[in-house]
Amino acid sequence: MLKKLINLIVLSLVALTAIATVHAAEVGKLDEADIAVSSRANDVKNNALKEALAAIFLKNSGLPSVVLNPLIKAQIDTPEVILTQYGYYEKNGQLMLKANFDHQRVISTLRQAGLPVWGSQRPLTLLWMSVEENNEPTILADGSSADIRAELAQESSNKGIPLLLPIMDLDDVMRVSITDVRGMFTDVLANASTRYQADYFAIANIDAFGNEVRFSIKLFDKNRTNGVLQPLVSLQDNAVDYKQATKRMMNALADYYISQYAIASTGRDVATRVSFTGVNNMTQLVHVETYLRQLSAVKSIKISQFKGDSATYTIELFSSVDDLQRLLNIDSRLSQLDTVGSVDSFYEPKDGDSKPKLIYQWLSL
């Protein structure tokens, strides 16, 4: 018992540094997909390239139905047109094809088809999950070697949903018990989640029951502090195995996040002004502009003022200011300082109007 306690204390000290560096995630490899193949034959390669491009369209939009759109389907049928490179490698004895496609062409095709685009800045979800390990219920930790840990990692990668599992160091063990997770005691888990820089936390249970697997999951906004926490997503059902249960839980999270963060063009001319303080040099200015250009709600940006440590931009949007604000609020490099007036989704800045509608501090991480 003493040895276990000492190990937890050591792990706790290491984990404090790791937790401090975790923040809302920027998802990479949105132009890349890996497909298992049976050989390097041309017909196998051609089918794999189509499958890879379909996966990339899905990852960049989030909508499972995206591949049914005629414009998207036509592009998938001719993947070589936007293919940038491909190659083969082996993974656990399985031959794999890795393909990369022109990301800008993928996004422009989605826009042309009038479909949502889910940018690389995505919310980070802390997942408290009870599973069975060595025939005992336990809280799935980041360092777990359980098979379901690998399933979660795969589904997280496939759907582009960043997941964070608790460290389960001494601090976590003192705050949370398996009963808290299985009973879905939201107040306890909300308090335990504060040390993690995630935007949301989810509580899930998964159990074998006869020839089926029973699972449940609820999603909560970690930053919501007023009143009783209400689940944003709530799903309880049976599945044939752990793999299907994991997939369905991740699908439920994906559906919610897509509804909030995947942006489709409204076809209307919408613009606003946003000011960033804490921008002290040209390097930081370049970082701000690079960040803004990759946001899925942003059509174009133009700097209207750079004075002292403040940079103000006129931003043309694909949709609404509300959509832009949701995206800005999940990035840990930003801290909202003020909103000038009401955030009107159809505000159009007029010449001479230099007041920003949103004001953020740019934080150096």
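Me: How far apart along helix 9 are Y257 and Y261?
Reply: They are four residues apart in helix 9, which spans residues 242-261, and therefore about one helical turn separates them. The model is a predicted one.

Me: How many aromatic pairs does the structure hold, and how is such a pair described?
Reply: A pair of aromatic rings is characterised by the distance of the centres together with the angle of the planes. There are 10 aromatic pairs in this structure.

Me: Why is the pair of Y257 and Y261 called tilted?
Reply: Planes under 30 degrees apart would count as stacked and planes over 60 as edge-to-face, the rest being tilted. The planes of Y257 and Y261 stand at 40°, so this pair is tilted; the ring centres are 6.4 Å apart. Both Y257 and Y261 are buried.

Me: Where does the charged end of R214 sit?
Reply: It is placed over the ring of F209, at 3.7 Å from the ring centre. R122, in turn, lies over the face of W118, 4.0 Å from the centre of that ring.

Me: Let us turn to the strands. Why is strand 6 described as largely enclosed by the rest of the structure?
Reply: Strand 6 covers residues 125-133, and seven of its nine residues are buried, so the rest of the structure largely encloses this strand.

Me: In which sense, parallel or antiparallel, does strand 6 pair with strand 9?
Reply: Strand 6 and strand 9 (residues 200-209) are parallel and share six bridges; M129 stands opposite A204 there. Strand 6 also pairs in the parallel sense with strand 8 (residues 163-164), over two bridges, and T125 faces L163 in that strand.

Me: How many bridges join strand 6 to strand 7, and what lies between these strands?
Reply: Four bridges connect strand 6 with strand 7 (residues 136-139), and the two run antiparallel. E133 stands opposite E136 of strand 7. The two strands form a hairpin with two residues between them, and N134 in the turn has a positive phi of about 55°.

Note on methods: Residues are numbered from 1 along each chain as its sequence is written. This is a predicted model: local features need pLDDT of at least 70, side-chain atom pairs count only at pLDDT 80 or more; totals for chains, interfaces and linings use all residues. Side-chain values use heavy atoms; hydrogens and water are left out. Rings of Phe, Tyr and Trp (its six-membered ring) pair if their centres lie within 6.5 Å; planes under 30 degrees apart count as stacked, over 60 as edge-to-face and the rest as tilted. Buried means under 20% relative accessible area, exposed over 50%, partly exposed in between (1.4 Å probe, protein chains only). A charge sits over a ring if NZ of Lys or CZ of Arg is within 6 Å of the ring centre and within 35 degrees of the ring normal. Two strands pair if DSSP finds at least two bridges between them.
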